[in-house]
Number of protein chains: 2
Amino acid sequence: MTPETPPKASPEIKPTIEDIEARAAALDIEDAFPEEDFGDALLRLITAAIEDGDMTRARELLLDQHYADAADIIERMQPDDRAQLVLALGKDIDPDILPALDEEVRDQVLGVLGVQNIAAAVEAMDSDDAVTVIEQLDSDERRRVIQALPAEHRAGIEQALAFPEHSAGRMMQREMVAVPEFWTVGNALHYLQTTGDDLPEDFYELFVVDLRHHPLGKVSTARLLRVRSETPLREIIDDDVEPIPATMDREEVAMTFRDRDWVSAMVVDEDGRLIGRITVDDVLDVIDEEAEDDMLRLAGVSDSDIFHAVWQTVRSRFGWLCINLCTALMAASVIGLFEGTIQQVVALAALMPIVAGLGGNAGTQTLAVSVRALAMKELMPGNARRVIGKEMVVGLANGLGLAALAGTVAYFWFGTPLIGLVLASAMVVNLVVAGLAGILIPLSLDRLGVDPAIASGVFLTALTDTVGFFAFLGLATVFLL
Amino acid sequence: MTPETPPKASPEIKPTIEDIEARAAALDIEDAFPEEDFGDALLRLITAAIEDGDMTRARELLLDQHYADAADIIERMQPDDRAQLVLALGKDIDPDILPALDEEVRDQVLGVLGVQNIAAAVEAMDSDDAVTVIEQLDSDERRRVIQALPAEHRAGIEQALAFPEHSAGRMMQREMVAVPEFWTVGNALHYLQTTGDDLPEDFYELFVVDLRHHPLGKVSTARLLRVRSETPLREIIDDDVEPIPATMDREEVAMTFRDRDWVSAMVVDEDGRLIGRITVDDVLDVIDEEAEDDMLRLAGVSDSDIFHAVWQTVRSRFGWLCINLCTALMAASVIGLFEGTIQQVVALAALMPIVAGLGGNAGTQTLAVSVRALAMKELMPGNARRVIGKEMVVGLANGLGLAALAGTVAYFWFGTPLIGLVLASAMVVNLVVAGLAGILIPLSLDRLGVDPAIASGVFLTALTDTVGFFAFLGLATVFLL
């Protein structure tokens, strides 16, 4: 369907497999390919191996990589090659690859892997990664994977899945170090040194709890290393840290980490008991995804579809374009009202898109700033009125400036000062409306509990087109005819 | 200039100062204001105190807050109030507030604080925060602040400032724990327990170096706590971590942290010597800022100007709108070529913005996905050709779908099948062009070393408007006249 040429490097830089391997054998593998991205070179090698039917070689090439790099390669492959490779990997796939994949790609990979291999991989993961993978399965697969897990894993995953999507409860992992408040540093050290597999592989803070398992604060590992072993934990605890409720939205979790410069956070259930921890590496992903969502939604795309198949991409973008078609027809019907005017002064037809277009652009500027400021909690009820007033003045000022320029051009183009004046006036009106709409639409959506990024764009351009055409053609009808 | 009403809560939720204080005295201060954001309530209190001229009280209210909350409040204040408050704080301002502020707000705050207070604050900061503040000063102030610093601080800051803006060298802090490879765990523990102020306040990893101070790997503090003190560091070192060159762009640093799930990274100079570390809390800010930049630039805004004064906002947005005016005039001149056609079939004037508008929207969808994928390195030479092909097919498919809908509507509206066919054909052409432009423009800019977010939008809408009008009116001229 899509003209998918196999990913080849441009001819001048096409080392053979042997070349690449010889150079890769050098100390610093990344420096061996100064002309080509290392991932691209490897992708090409693996693709070549798959095309030659040499799956052992394709497997080997991938298994050698860090899981993050392997995930990148798998993402960038063609779907058919990807399926073949994952099939060849089977149960040997590095479990860490799965949570690192783009959601869409992970969907395909999980489909190819099958329930048994998924269960084996999930068992080897931290509980937060396991939840990431399992929550993507359909309910039947999900049930089967969970059943295939050992009982002690199962309970934690079921607990996490009971929390709402995108909540702290889904992000957290159960593996953590919790110690009672009455211990000394020495007790804690002894516990750390004698407890084996039940502790997480890495941790940066110990959580101190009371007898009811309510968290009292954190002790950083660095602090623990630097004090005498008789010191009571109570003396070195940092109790200026609030625990995170498991139901908190992940966007708010991320903002708290960012503001407080945390590396890990204590997660509590509704009774205030410590049930898990969130680590900063997961927060990095959340910040990234939330920012991506806002950016793409403003542009009318629901998710990054760079790895989607063609028809999925078509489907997901078509809906938004249909809504746009409706609003465009609305704006067209406004123009239809003034057909008589356009027939008499045909120059208006050339000028009217300028008014609508600049209104749309100015409104989009305000919209992007407002949506971002809402997400960052920089725009709050306390300063909303002031920002609204500001946007109105900015719209007016930019409107006056652009109106002067555009009006002058129109005057020289068509030779009549009146047409320039009409253009200028319509522009001022539309830019003030655009500025106001750019802030009021996201503010209203936010107050209604709707993601302000998701539908703001449609409403805004519908408004600026309609107002732009109406103001310009209306003024023209009054003053030019 | 701007209609700045003092930030007041809506009348139904306006507790008095006494109310708020009584409730704030309760155990959990945040829960005391369920109806109002705590920051908003505090902002209102501080503003009231400033208006009453009670600066002691305003100071006290702010000094009680966590630096992150204090920074939020200062950001949301009106510029005049902010200046008064900062003046009243003077040298007592919490140094941590400064790096946490929005750049624009920090600019004003630094201006009010004056060189002596800035130098005092900078002296108390980690070296990375100090660089963040100092790099924002103009060269004269910068020189004076640096001169006011103790010699040992000065050298590090001057070294960091010698690295390019937005590089790892500017992000890093010099405070870190580096230990020689021949030490045992016991040596390291002794060093940590006996070395006082020269160590950073918090750290999660020790960096192991050879005799030339080249980094060999990291040892996590958690690991150090769990092994016997006779263990040589060599045995527990994680040497699968590449150091970061000081010249690496901060966006790449952030991506590496995200992919590798790091909490800190070793930074090396051009000779490979360890000169500092980057911690994950700074990476959170970078990811946030870079994502914000991409989102706002796509919408034609250079920076978030939510905290900018009116005239600054006008100035920064006007440039982009002027460029848009030029491209809109270009598109208008294309329409001008077909004045004769429009005169004869005035319905064309109503329909032509549909073709241009939908092209712009479809192109923007592709653009947003491409810009994001470039930033995330998901779009690389290795898969670029495939993605280009895909976008062409997606454009064609969506074009055909929308064309069918729009053509049918136009047919029923104007009663002539031919006008529907012309509309439909122009739409298909424009959506294919839009899809191609949406990926080729950012790819080309990226290859030229220009930020693909920054100018893509102008080029794209200039193209989709021009092609849209030309295709529609051109086809109409051929088939309808």
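1. Let's start with a loop residue. H166(A) is partly exposed, because 16 other C-beta atoms sit within 10 Å of its own, a count between the 12 or fewer of an exposed residue and the 20 or more of a buried one. Keep in mind that this is a predicted model. H166(A) belongs to the loop between α11 (151-162) and α12 (168-171) of chain A. Its phi is near 65 degrees, a positive value in a residue other than glycine. Most residues other than glycine have a negative phi, so this spot deserves a look.

2. Chain B has its own H166. Phi of H166(B) is near 65 degrees, again positive in a non-glycine residue. H166(B) is in the loop between α11 (151-161) and α12 (168-171) of chain B, and it counts as partly exposed, with 16 C-beta neighbours inside 10 Å.

3. Now the sheet in chain A. It is open, has 3 strands in the order β4-β5-β6, and its pairing is mixed. β4 (244-245) and β6 (274-279) are at the edges with a single partner strand each, so one side of each has no neighbour in the sheet. β5 (residues 264-268) pairs with β6(A) in the antiparallel sense over 5 bridges; A265(A), for one, has I278(A) as its bridge partner in β6(A). Helix α17 (residues 280-298) lies across β5 and β6 of chain A, at about 65 degrees to β6(A).

4. On to the core. The largest nonpolar core has 295 residues, and I46(A) and I46(B) are among those with the most contacts inside it. Leaving out residues up to four places away in sequence, I46(A) touches A58(A), L61(A), L62(A), I73(A) and L85(A).

5. Finally, the interface: 107 residues of chain A contact 107 residues of chain B. On the chain A side, these are 60 nonpolar, 22 polar and 25 charged.

Terms used. Residues are numbered from 1 along each chain as its sequence is written. Chains are lettered from A and ligands numbered from 1 in the order in which they are written. This is a predicted model: local features need pLDDT of at least 70, side-chain atom pairs count only at pLDDT 80 or more; totals for chains, interfaces and linings use all residues. A nonpolar core is a set of buried Ala, Val, Leu, Ile, Met, Phe, Trp, Tyr and Cys residues joined through C-beta atoms within 7 Å. Two residues are in contact if their C-beta atoms, placed from the backbone, lie within 7 Å. Ala, Val, Leu, Ile, Met, Phe, Trp, Tyr, Cys and Pro count as nonpolar, Asp, Glu, Lys and Arg as charged, and the others, Gly among them, as polar. Two strands pair if DSSP finds at least two bridges between them. Helices (H or I, at least four residues) and strands (E, at least two) are DSSP runs, numbered from the N terminus. Axes are lines fitted to C-alpha atoms, for helices over the stretch in contact, and angles run from 0 to 180 degrees between N-to-C directions.
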